[in-house]
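Let's take a friendly walk through this model, one part at a time. Keep the viewer open as you read.

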Amino acid sequence: MAPERRNSPRIDPPFASPSYQSTALRAPSRPLLRLPYGPTELSGPPVEALTAGRTLVNPSDLTRQHAGEPLGERIIVGGRVLDGEGRPLPGTLVEVWQANACGRYVHRSDQHQAPLDPNFTGSGFCVTDAEGRFRFVTIKPGAYPWKNHPNAWRPAHIHFSLFGRNFSQRLITQMYFPGDPLLAVDPIYQSIPEPFARNLLVARFDFSQTVPEWALGYSFDITLGGRT
Amino acid sequence: MSGEVRSAAQTIGPFFEFALPWPDGPHAVAPGTPGAFWIEGRLLDGAGAPIDDGMIETWQLGPPGIRGFARSATDAEGRYAILTVKPVSIAGGGGMVHAPHLAVSVFARGLLKRAATRIYFPDEEAANAADATLMIVGDDAVRATLMAASSERGYRFDIRMQGRGATVFFDV
């Protein structure tokens, strides 16, 4: 039987991370209890149940959800979803969301003084294929300021939400871009304890996914915890 | 070292509401399902203030034929609501049972990773007394943080991240 890959002190950020100020009143105060995996943790909804009833147009191509083309640098983000044994997870939902090229989200409480793009929402999803692969076409998101500390800026990132096979594998994370100078000073990225684990969240520039005359490609593989 | 290659979690952040919720999301069962009820409550921070940019997901194994998954963003008062029916009791080993429960994921700005907990039902005393997980929890006051309360529309279940009555979360 495959091992249970739970929270790891080397990989997962601690709940309480003082340099990320919002954790102060939100980090759970009780110590976590180790939960033996039971039928609930080792089951999950079928992917059809998670995609039925959604009305998003062209969910895996975020550049074709409106009448016109969004502004910014068109990119392709592709990769695989794997379990802890390195096995691909086919037929699993991958949800993404992000800011536009100017670093502005389509969200009522985003007050950043940067323009919205009428041709870009920044929301998508897809289901992995038989090899566990996903592929999104989107726009490279911009960095944006936040209020965590004076002159705080989030590095460019795309949010990822993954389900895997079951409840134990559920993961929400962020994908970053290689060479971003803001990574070194971002309290959220830096909350990940070990450098190797931080690096796993940085996409790799990938010529093999680049489409000539059209879009640059990035590779991003995601390895889920829990137990398949 | 085995088990150490894995993608780290990162916060859901404050700006997911245009992307993750969908109209049918809060419905673990279709509206109109016989016996359906709401589980609703508030997500509260360590100062007792509502967390108005959180997301609650629930998963339950059965009864057969239902979706069993629900997703609800919290509103300005920190409220979430999901529509479901009571899950079934499942026999475990050694005379234990898995009492009817929902597995819960809590996501929010300020939570760098998922906080996982469970919702149990107060009117399942016999099953709860034989539930292996509740037994691990031990202390009655802590166990009480996993117990929903009956309400007019179904059940009420508040989630407190810190302080008096803080919810117990699990390492999943």
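Which pattern does chain A follow when read along the sequence? The pattern is β-α-β-β-β-β-β-β-β-β-α-β-β-β.

## Ground rules

This is a predicted model, in which local features need pLDDT of at least 70, side-chain atom pairs count only at pLDDT 80 or more, and totals for chains, interfaces and linings use all residues. Residues are numbered from 1 along each chain as its sequence is written, while chains are lettered from A and ligands numbered from 1 in the order in which they are written.

## Chain A as a whole

Chain A holds two helices and twelve strands. Both kinds of element are DSSP runs numbered from the N terminus: helices are H or I with at least four residues, strands are E with at least two. With 228 residues, chain A has a radius of gyration of 18 Å, close to the 17 Å of the globule rule, so it is as compact as a globular protein of that length. Here the radius is taken over C-alpha atoms, and the rule is 2.2 Å times the number of residues to the power 0.38. Along the principal axes, the C-alpha atoms of chain A fill a box of roughly 50 × 45 × 35 Å.

Of the 228 residues in chain A, 43% are buried. A residue counts as buried if 20 or more other C-beta atoms lie within 10 Å of its own, as exposed if 12 or fewer do, and as partly exposed in between, with C-beta atoms placed from the backbone. Among contacts in chain A between residues at least 6 apart in sequence, 72% join residues at least 24 apart. A contact means that the C-beta atoms of two residues, placed from the backbone, lie within 7 Å.

Gln98(A) sits in strand E3 (residues 93–98) of chain A. Why is Gln98(A) classed as buried? Because 30 other C-beta atoms lie within 10 Å.

Leaving aside neighbours within four places in sequence, Gln98(A) is in contact with Gly122(A), Thr138(A), Pro141(A), Ile158(A) and His159(A). The C-alpha atoms of Gln98(A) and His159(A) are separated by 6.1 Å, although these residues are 61 residues apart along the chain.

## Strand E1 of chain B

Turn now to chain B, where six of the eight residues of strand E1 (residues 37–44) are buried. Strands pair if DSSP finds at least two bridges between them. E1(B) runs antiparallel to strand E4 (residues 79–84) of chain B, joined by six bridges, and Gly41(B) has Tyr80(B) as its bridge partner there.

E1(B) also pairs in the parallel sense with strand E10 (residues 154–156) of chain B over three bridges, where Arg156(B) is the partner of Glu40(B). A parallel pairing with strand E11 (residues 159–160) of chain B has two bridges, and Leu44(B) is partnered by Arg160(B).

## Where the chains meet

The contact between the chains takes 59 residues from chain B and 66 residues from chain A. On the side of chain B that touches chain A, E7(B) gives the most, with five residues. Strand E1 (residues 33–34) of chain A runs parallel to E12(B), joined by two bridges, and Arg34(A) stands opposite Asp171(B).
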